[in-house]
Amino acid sequence: SGDIVNQAFTAVCQRAVWALQGKTNQLGTLSGAGFDEASFESTVAVSSLPFYGTVKAMVRYLDGKADEALVAADAWQLPPGMFFHGENALYRTLSALDLARQASDEKRAKLLERVEAEVRTIERWAQSAPDNHAHRLALVQAELAAFQGQQEHARDLYGRAMHLAPQ
């Protein structure tokens with residue numbers, strides 16, 4: 001009983017920590033020790049699913065599963081004004097860039113269009129709330145520069161992202 005939405009948010013945060021600590025069934029999953037992703041997705045309050053999808057995208061991306069990360073990030077429409085939009089955009093962008101590296105020319109072009117649109121969004125956010133988004137912008141710009149073969153520029157942007165990231 002109680003506030004089921006905040007309980008779901010708390011459960012997802014706990015699962016994310018455990019996944020990052022290697023305490024789930026395997027790297028890149030939230031499932032394990034009394035938690036099953038599929039069961040959670042089918043029973044949790046619908047309003048909790050966009051945050052869950054963002055966290056699922058993070059653990060999948062960090063496990064090198066960019067395709068699954070992008071699916072998770074896109075699975076549920078994000079409600080306006082929620083705190084996790086920046087994280088969702090970050091993992092959508094990083095995942096799309098990773099997928100573009102191996103994609104056919106046609107698919108690569110579509111993924112890069114998506115990346116550029118995401119970067120423009122993150123740029124707007126970084127202008128209005130630099131403490132929250134400037135480090136994300138620098139990171140996605142670094143990844144894009146690396147993708148484009150601009151290694152020195154990418155190194156500078158990675159350094160900027162580290163400098164700007166909250167401690």
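User: Which residues does L30 touch, not counting residues up to four places away in sequence?
Analyst: The model is predicted, so local features need pLDDT of at least 70 and side-chain atom pairs pLDDT 80 or more, while totals for chains, interfaces and linings use all residues. Numbering runs from 1 along each chain as its sequence is written, and side-chain values use heavy atoms, without hydrogens or water. With contact taken as heavy atoms within 4.5 Å, L30 touches R15, A16, A19, T24, F35, E37, Y52, V55, K56, V59 and R60.

User: Is F35 buried or exposed?
Analyst: F35 sits in the loop between α1 (4-20) and α2 (37-43); helices are DSSP runs of H or I, at least four residues, numbered from the N terminus. Beyond four places in sequence, F35 touches R15, L30, F40 and Y52. Because its relative accessibility is 12%, and buried means under 20% (1.4 Å probe, protein chains only), F35 counts as buried.

User: How far apart in space are F35 and E106?
Analyst: In sequence, F35 and E106 are separated by 71 residues. From C-alpha to C-alpha, the distance between F35 and E106 is 39 Å.

User: With which residues is T29 in contact, leaving aside its neighbours within four places in sequence?
Analyst: T29 is also found in the loop between α1 and α2. T29 counts as buried because its relative accessibility is 9%. A polar atom of the T29 side chain lies 3.1 Å from the backbone nitrogen of S31. Leaving those neighbours aside, T29 is in contact with A19, T24, E37, V59 and R60.

User: Is A33 buried or exposed?
Analyst: A33 belongs to the loop between α1 and α2. Although A33 is not a glycine, its phi is positive, at about 40 degrees. Because its relative accessibility is 69%, and the cut-off is over 50%, A33 counts as exposed.

User: Which element gives the most to the largest nonpolar core?
Analyst: This core has 40 residues, and L30, F40, Y52, V55 and V140 touch the most other members. Two or more residues come from each of α1, α3 (49-62), α4, α5, α6 (105-128) and α7 (130-147). With eight residues, the element that gives the most is α3.

User: At what angle do α4 and α5 pack?
Analyst: Residues 66-74 form α4 and residues 85-102 form α5, and their axes lie 8 Å apart. The contact is made by A66, D67, A69, L70, A73 and D74 of α4 with N88, R92, S95, A96, D98 and L99 of α5. Axes are lines fitted to C-alpha atoms over the stretch in contact, with angles from 0 to 180 degrees between N-to-C directions. The angle between α4 and α5 is about 145 degrees.

Methods. Polar contact = N/O pair within 3.5 Å; in protein donor to acceptor, adjacent residues only side chain to side chain. Core = buried A, V, L, I, M, F, W, Y, C linked by side-chain atoms within 4.5 Å.
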